[in-house]
Amino acid sequence: MYDLSKVVVTSSPHIKADDDTRSLMLDVLVALLPALCVAVYTFGPRALVLTVISMVACGVFETIYNKIVKHPNTVGDLSCFVTGMLIAFNVPVSAPWWMVVLGALFGIIIVKMLFGGIGKNFMNPALGARAFMMASWAGLMTTWTVPHATLPLFGTVTVTDAISTATPLASLKAGTLPEGVSLLEMFLGQTGGVIGETSALALIAGGVYLLWRKVITINIPAAYILTVAVLTFLFPMGDVSRVQWMLSQVLSGGLMLGAIFMATDYVTSPVTPKGQIIFGVGCGLLTVFIRYFGGLPEGVSYSILIMNTLVWAIDKATHPRKFGYELDKVKKEAQ
């Protein structure tokens, strides 16, 4: 006979995993460290200062919100610090610290917490913050400095501090290959751009770590990057080498950062494998469309945000059929 007093009855799920939100977010922070190290090497310690300010601001705003609504403090799950690092990664190193703080305020309070906190926001908070800052301070968000320039840690960056430079995407937008910038420099991150997007190598290294830790799957990044690669190879702008044009498009801008770290956000991406591929392809199509025909040279952020709003439809259309489920029969019974 079994001793029923030792049986514990609980609600599902009954299979417990070692991973929780905190461990997953810690893995993402670790995966972002290579890109941060390259950013500090390329743009100087100001890149680290802006990143720390953004992360601290996100933690403070989430704590204040939880205090106001009398909810348990959720800072311990580390998701706000991932958002803070990604917000900093989406601004140029010349950005003033107060703009990063306001971006953190918008991303945490408006995009995340007002919708119920982690797991309930319908768009990526870091990308929402980037769109907010881009709409509010377009000039500051598109002022680039040359690599290895001497910049003040906290003060305003002036013309005497750094020489403005064009990003590779600016040249690609005009239909020409970047001048004075090799594919190797774009791969390593020795070009102008926002803090966290320049080094494809560092971002790929972080992506490999996340794949190894099984934090993300290959579906969305592969579908996203391959879609951009195929379209730009088939339809280059101007009389240029197809391969060089395609590689320049893939290695420049925020494609790697967006595809690996933001399009794969659990909350704002599909849960089914087929849906994830559709989502990645959609992001790739929109990115190329915006880069080719939009007013801005970059389209990664807006493409992911647009696809975020369609996740519910993608999940609904791609959910697996239940075993023994007869769709036609159910439709007839419903009539």
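A word on burial to begin with: a residue is called buried under 20% relative accessible area, exposed over 50%, and partly exposed in between, using a 1.4 Å probe and protein chains only. The model is a predicted one, so local features need pLDDT of at least 70 and side-chain atom pairs count only at pLDDT 80 or more, while totals for chains, interfaces and linings use all residues. Residues are numbered from 1 along each chain as its sequence is written, and side-chain values use heavy atoms, with hydrogens and water left out.

Backbone, then. Most residues other than glycine have a negative phi. Leu-78 has a positive value, near 70°, and Leu-78 is buried, at 11% relative accessible area. Lys-70 has a positive phi too, near 60°, but Lys-70 is exposed, at 75%. Where do they sit? Lys-70 is in the loop between helix H2 (45-69) and H3, and Leu-78 is found in the loop between H2 and H3. Helices here are DSSP runs of H or I with at least four residues, strands are E runs of at least two, and both are numbered from the N terminus.

Next, the empty space. Rolling a probe the size of a water molecule over the atoms shows where empty space is left. The search uses a 1 Å grid over the protein atoms alone: a cavity is a set of points where a 1.4 Å probe fits but cannot get out, a pocket is an open set with protein on both sides within 12 Å along at least five of seven lines, and lining residues have an atom within 4 Å of a point. Points are joined across faces, edges and corners, and a volume is the space filled by probe spheres set on the points.

The largest pocket has a volume of about 420 Å³. It is lined by 23 residues, and those closest to its centre are Met-25, Val-28, Val-82, Asp-265 and Tyr-266. At least two lining residues come from each of helix H1 (21-43), helix H3 (79-89), helix H5 (125-136) and helix H12 (255-262). By class, that lining has 15 nonpolar, six polar and two charged residues; Ala, Val, Leu, Ile, Met, Phe, Trp, Tyr, Cys and Pro count as nonpolar, Asp, Glu, Lys and Arg as charged, and the others, Gly among them, as polar.

The second largest pocket holds about 340 Å³. Of its 27 lining residues, Trp-144, Thr-167, Leu-169, Pro-297 and Glu-298 are the closest to the centre. H5, helix H7 (168-173) and helix H14 (300-308) each give at least two residues to this lining, which divides into 14 nonpolar, ten polar and three charged.

How many cavities of 30 Å³ or more does the structure hold? One. The largest cavity has about 70 Å³ of space, and its lining includes Arg-130, Glu-197 and Glu-298. H12 gives the most to that lining, with three residues. The classes there are five nonpolar, four polar and three charged.

Cysteines are brief. With a disulfide taken as a pair of cysteine sulfur atoms within 2.5 Å, the count is zero. Cys-80 has the sulfur of Cys-58 as its nearest cysteine sulfur, 6.6 Å away, and Cys-80 is buried at 0%. Cys-37 is exposed, at 52%.

Last, the rings. Phe, Tyr and Trp rings (the six-membered one for Trp) pair if their centres lie within 6.5 Å; planes under 30 degrees apart are stacked, over 60 edge-to-face, and the rest tilted. There are eight such aromatic pairs. Trp-98 and Trp-137 form one that is edge-to-face, because their planes are at 80°, with centres 5.5 Å apart. Trp-98 lies in helix H4 (residues 97-112) and Trp-137 in the loop between H5 and helix H6 (138-141), so the pair ties together parts 39 residues apart in sequence. Ring pairs also link Trp-98, Phe-106, Phe-132 and Trp-137 into a cluster.

Tyr-209 and Trp-212 make a tilted pair, 5.9 Å centre to centre with 50° between the planes. They are three residues apart in helix H9 (residues 200-212), and therefore separated by about one helical turn. Tyr-209 is partly exposed at 23%, whereas Trp-212 is exposed at 63%.
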